[in-house]
Amino acid sequence: MPYSLPTDGRACVDVFDVRGARVATLIDREMPSGEGVLEWSAGSPPYPAAGVYFVRLTQNRRVATARIVFLR
């Protein structure tokens, strides 16, 4: 999943299920500005079940959300 951060700063990437429960935090640290790619797969704990998830990227009062579908 590609992302782009406009500025340096603390970034948090959380994954939520369709009920709104957080199932994973992929990033919660200082990050440099620029582009990158996140990977969340069956090999990355917690092991996700097949289904629809929402990924939320938060940095400096900016929030971006994307819907992903995880297939097995």
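Arg19 and Asp17 form a salt bridge, their closest N and O atoms lying 2.8 Å apart, where a salt bridge means a side-chain nitrogen of Lys or Arg within 4 Å of a carboxyl oxygen of Asp or Glu. The model is a predicted one, in which local features need pLDDT of at least 70 and side-chain atom pairs count only at pLDDT 80 or more, whereas totals for chains, interfaces and linings use all residues. Residues are numbered from 1 along each chain as its sequence is written, and side-chain values use heavy atoms, with hydrogens and water left out. A search of the whole structure finds four salt bridges.

**Arg19 and Asp17**
- Arg19 counts as exposed at 72% relative accessibility, while Asp17 is buried, with a relative accessible area of 13% (buried is under 20% relative accessible area, exposed over 50%, and partly exposed in between, with a 1.4 Å probe and protein chains only).

**The network around Asp14**
- Salt bridges with shared partners join Asp14, Arg22 and Arg56 into one network.
- Within it, Arg22 pairs with Asp14 in a salt bridge whose closest N and O atoms are 3.9 Å apart.
- Arg22 counts as exposed at 54% relative accessibility, whereas Asp14 counts as buried at 3%.

- Asp28 forms a salt bridge with Arg10, with 3.3 Å between the closest N and O atoms.
- Because Asp28 lies in strand 3 (residues 22-31) and Arg10 in strand 2 (residues 9-17), the pair ties together parts that are 18 residues apart in sequence; strands here are DSSP runs (E, at least two residues), numbered from the N terminus.
- Asp28 is partly exposed, with a relative accessible area of 44%, and Arg10 is partly exposed at 45%.

How values were computed:
Helices (H or I, at least four residues) and strands (E, at least two) are DSSP runs, numbered from the N terminus.
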